[in-house]
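Okay, thanks for coming, everyone.

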Amino acid sequence: MVDDGFFDTVIQNGTIVDGSGEGRFQSDIGIKNNRIQAMGDLSMAKSGRKINAANRIVAPGFIDVHTHDDRVLLAKPTMDMKISQGVTSVIVGNCGISLAPLVADNPPPPLDLIAEPGACRYSTFEQFLKEVEGAPAAVNAAFLVGHSTLRVGTMDSLDRAASLTEIKKMRSLLEEGLTAGAIGFSTGLFYKPAIMAPTEEVIEIASALKAHKARYVTHMRNESDHVIQSLDETFRIGSEARSPVIVSHHKVQGKNNFGRSVETLKHIEDHLHGHHHGIAFDVYPYVASSTVLKEDSIRLSESVLITWSKSRPDLAGRELSDIADELGCDIFSAAAQLQPAGAVYFAMAEEDVQRILSHPNAMIGSDGLPHDEHPHPRLWGTFPRVLGHYCRDLKLFSLEEAIRRMTGYSAETFGLIDRGVLKAGAFADITIFDEDTVLDRATFDKPMTPAAGIDTVMVNGSVVWEQGCATGSRPGHVLRHGGNRPN
Ligand code: ZN
Ligand code: CU
């Protein structure tokens with residue numbers, strides 16, 4: 001379409017990869033207010049600002065579908081660790097842990113990954129969404145309600161199944177969240193606050209999803225020896241609650257299970273055909289995971305790196321085995337002395353990571369932990385690592401396909417309207433980068449190093465990142481289920 005009207009911004013001469021997975025093409029982009037108004041040859045158009053994107057890829061802003069950014073949206077609203085990677089929207093509240101709805105002084109692990117003492121002070125989900133809307137971040141955010149959060153707020157003891165009354169209460173809290181605009185329900189059945197929840201409890205609560213066309217997102221009970229049983233549990237919850245399911249950070253952990261992604265992906269494919277509501281999964285591009293410090297996770301790992309410790313903050317960034325040597329004890333008693341704490345676990349095979357990343361149903365999600373002292377590098381590196389290392393250098397998939405799994409497919413799966421695509425009418429969430437130089441620079445040693453090759457990032461028509469720096473602009477919207485803010 002040619003339009004010679006007046007635009008706020010025109011992005012000129014770029015190579016468009018539009019998020020659909022289709023091949024690239026040359027086009028300018030004209031932006032007015034916060035949306036793309038026109039694409040095509042806009043060389044004659046008048047505009048307030050021109051951005052020259054010659055020799056650059058212009059893509060939809062990336063959607064980080066798996067985050068724990070609930071509190072950081074308010075605490076560090078410029079969100080440098082995300083916009084420096086080209087991320088323009090995040091989905092928060094994963095793994096069963098959301099900041100709301102909960103009022104609690106000292107929530108138990110793993111809620112402490114996101115909630116410092118006093119941070120959980122929202123008796124309704126609406127209160128939390130209003131607070132984020134009142135103090136916008138640089139990125140857009142969509143929200144999940146966490147099962148463990150509901151359990152902590154509802155039950156006097158977590159080491160049992162919920163009673164019928166408690167289930168009813170949790171379902172009505174979920175309903176309140178969905179009505180306020182949450183896009184789904186997450187569980188973390190792997191973690192202590194939810195490990196005693198039977199499948200039936202989750203189904204009962206998740207039955208609130210269907211009326212809202214919302215989705216079930218899960219950190220499964222097991223991602224090692226019993227990963228197939230856990231997939232089956234997930235599919236059952238989805239079919240009984242009649243909602244789409246998303247398997248979080250799909251992986252197979254532990255030496256015994258190396259190579260079993262062949263089996264898990266086949267299992268997912270077999271169920272895709274019979275599952276009427278949809279199955280998808282997300283993945284991060286690393287062989288190490290990260291969460292709170294847990295004995296069972298230590299057992300599965302070849303090495304463990306401490307990311308934070310409340311009792312020994314000085315030991316963040318060090319190997320657990322070194323710490324054990326220094327303390328003159330074994331790794332398990334060393335771990336006990338560090339609690340509460342978090343860690344990075346090396347317990348995956350590169351072969352599995354690559355196979356899962358390459359699957360067409362894989363979305364990219366960082367699972368970054370923004371409050372960790374010495375975080376897993378996925379927090380700052382996920383998206384450029386997929387584009388630079390796995391796409392360009394290892395050629396696992398085309399750039400068009402890599403971008404689809406970070407944008408169009410993700411927006412479709414999570415119901416983010418007018419996001420994840422470049423076309424007239426869509427919101428102007430745009431990332432401009434150099435496909436020859438884009439690369440993650442965050443490492444396990446220096447995990448907070450910004451990526452290379454990301455030139456300009458725009459959220460709702462405003463530039464949030466350029467020339468290697470955040471502009472300080474905070475145009476992010478709360479992406480409420482069923483639609484976005486009117487303008
Ligand atoms: Zn998780
Ligand atoms: Cu997570």
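Let's start with strand S15, residues 288-292. All 5 of its 5 residues are buried, so this strand is largely enclosed by the rest of the structure. Keep in mind, by the way, that what you're looking at is a predicted model.

So who does S15 sit beside? S15 pairs with strand S17, residues 341-346, and the two run in the antiparallel sense, with 5 bridges between them. If you want a pair to click on, take Ser290: its bridge partner in S17 is Val344. And a quick reminder for anyone colouring side chains: in a regular strand they alternate between the two faces of the sheet.

Okay, on to the metals. Which residues hold the zinc ion, ligand 1? That would be Cys95 through SG, His219 through ND1 and His249 through NE2, at 2.1 to 2.2 Å. Along the sequence, those zinc donors are spaced C-x123-H-x29-H.

Now the neighbour, the copper ion, ligand 2. Its protein donors are His66 (NE2), His68 (NE2), Cys95 (SG) and Asp367 (OD), lying 2.0 to 2.4 Å from the copper. You'll have spotted Cys95 again: this residue bridges the copper ion and the zinc ion, which lie 3.2 Å apart.

What about the geometry at copper? The angles among the 4 donor atoms go from 87 to 160°, and the site is irregular. For four tetrahedral donors, the ideal angle is 109.5 degrees.

The spacing of the copper donors along the chain reads H-x1-H-x26-C-x271-D. Here too a pair links distant parts of the chain, namely His68 and Asp367, 299 residues apart. You'll find His68 in the loop between strand S6 (62-64) and helix H1 (72-75), and Asp367 in the loop between strand S18 (362-364) and helix H14 (378-393). His68 counts as buried at 2% relative accessibility, and Asp367 is buried too, with a relative accessible area of 5%.

Key. Residues numbered from 1 in each chain as written. Chains lettered and ligands numbered in written order. Predicted model: local features only at pLDDT ≥ 70, side-chain atom pairs only at ≥ 80, totals over all residues. Heavy atoms only, no water. Donors = N, O, S within 2.8 Å, 3.2 Å for Na, K, Ca; no water. Tetrahedral: all angles 85-135°; square planar, octahedral: opposite > 155°, others 65-115°. Helix = DSSP H or I, 4+ residues; strand = E, 2+ residues; numbered from the N terminus. Buried < 20%, exposed > 50% of the residue type's maximum accessible area, 1.4 Å probe, protein only. Pairing = 2+ DSSP bridges.
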